[in-house]
Amino acid sequence: MSIRPVKRVIKAKPTLEGAGVHLRRAFGDPNNTDVDPFLLLDDFRNDIPEDYLAGFPWHPHRGIVTITYVLAGTVEHGDSLGNRGEIGAGDVQWMTAGRGIIHQEMPKGDAAGRMHGFQLWANLPSALKMTAPRYQEVRTGDIPVVTDDDGTHVRVVCGSFWGTTGPVDGIAADPIYLDVSVPPGKRKSLPVETTRHAFAYVFAGSGKFCNASSPLAVPTEGVKWADTSPPADADNRSLILFDSGDEVTVQAGEEGIRFLLVSGKPLQEPVAWYGPIVMNTQQELQQAFQELQAGTFLQPTPADNR
């Protein structure tokens, strides 16, 4: 097994989105190929209702999949397909925008005023940019949790892990999306396929992610993971980008550590991105906005790939 070295540790940055929602953006740069096939990760944890209640009123999307994972509070959803719903603590919604959808997401806090969750954007490959839009809600009780002997808990939101498959499927990027909790002081290695890009996002506790890509060349005695090179410290709202390897290793701090561990197969395609529209070329991007202006954005097209 080869441990994935840490490329970078980045703190999520404050930003405003929607009608004035205060959130933290872990990444959202079209030139960041380290996270391909993912485009954006927003952390919308907030305990001040006036900072999030304005929400994300009606807006379009094309060419992406959005995955929203709620930890506390609720998010009301409505879209041009006629879907209406509300997801709460532990629930997930995923939406394949495909050739075009218009929707709104309106957050509401819980009794304590908390609105906590994440939204991840996954890119669609060129062959599926104009696929039919789809929407699905997954309730917390339908998301499997696997527990290892050392007390490590993993919620399998999407993909397969430790022989368990999550309920979200049909996403072209084939992501594995895990919510991992490692108990205080425990060291844990988690498998990640070598063909995937991977990142972790810490949102509770702290720990150290191993920064070693290989063991010492000629060890004279037992070599522990931390002996090979300095580990990367990570705490709340830290994004960890990994290099290649087939496992991620973390040493939990005194309070334990909880983080998202997400991986996907890179598309290695050009990205033309402006606001809520992500295509492969500037011409396709311009066409999308021309259709929005002309009122034809939601019309079926022959490029439908079901």
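1. Ground rules. Residues are numbered from 1 along each chain as its sequence is written. In this predicted model, local features need pLDDT of at least 70 and side-chain atom pairs count only at pLDDT 80 or more, while totals for chains, interfaces and linings use all residues, and side-chain values use heavy atoms, with hydrogens and water left out.

2. Confidence. pLDDT is the predictor's confidence in each residue, from 0 to 100. The protein has a mean pLDDT of 90. Of its residues, 91% reach 70 or more.

3. Where pLDDT is low, the predicted coordinates should not be read in detail.

4. Largest pocket. Its volume is about 480 Å³. A pocket here is an open set of points on a 1 Å grid over the protein atoms alone, where a 1.4 Å probe fits, with protein on both sides within 12 Å along at least five of seven lines; lining residues have an atom within 4 Å of a point. The volume is the space filled by probe spheres set on the points, which are joined across faces, edges and corners. The lining has 25 residues, and E17, G18, F56, H59 and W121 are the closest to the centre.

5. What builds that lining. Strands (DSSP E runs of at least two residues, numbered from the N terminus) matter for the names here. The elements giving two or more residues are β3 (21–27), β4 (38–43), β5 (56–61), β10 (101–108) and β11 (116–123). β5 supplies the largest share, five residues. By class, the lining divides into 14 nonpolar, seven polar and four charged residues. Nonpolar covers Ala, Val, Leu, Ile, Met, Phe, Trp, Tyr, Cys and Pro; charged covers Asp, Glu, Lys and Arg; the others, Gly among them, are polar.

6. Second largest pocket. It holds about 220 Å³ of space. Its lining has 16 residues, with N32, T33, D36, E269 and V271 the closest to its centre. Eight of the lining residues are nonpolar, five polar and three charged.

7. A cis bond. Most residues other than glycine have a negative phi, and most peptide bonds are trans. The D36 to P37 peptide bond is cis, with omega near 20°. P37 lies in the loop between β3 and β4.

8. Positive phi values. D174 is not a glycine, yet its phi is positive, about 50°. D174 sits in the loop between β16 (164–165) and β17 (176–182). D174 counts as partly exposed because its relative accessibility is 35%; buried means under 20% relative accessible area, exposed over 50%, and partly exposed in between (1.4 Å probe, protein chains only). Q268, also other than glycine, has a positive phi near 55°. Q268 belongs to the loop between β22 (247–264) and β23 (272–274). Q268 is exposed, at 70% relative accessible area.

9. E76. This residue is in strand β7 (residues 74–79). With 33% relative accessibility, E76 counts as partly exposed. Beyond four places in sequence, E76 is in contact with G85, E86, Q104, E105, M106 and K108. The side chains of E76 and K108 make a polar contact at 3.0 Å. Such a contact is a pair of N or O atoms within 3.5 Å; within protein, one must be able to donate a hydrogen and the other to accept it, and residues adjacent in sequence count only if both atoms are side-chain atoms.

Note on methods:
Helix = DSSP H or I, 4+ residues; strand = E, 2+ residues; numbered from the N terminus. Contact = heavy atoms within 4.5 Å.
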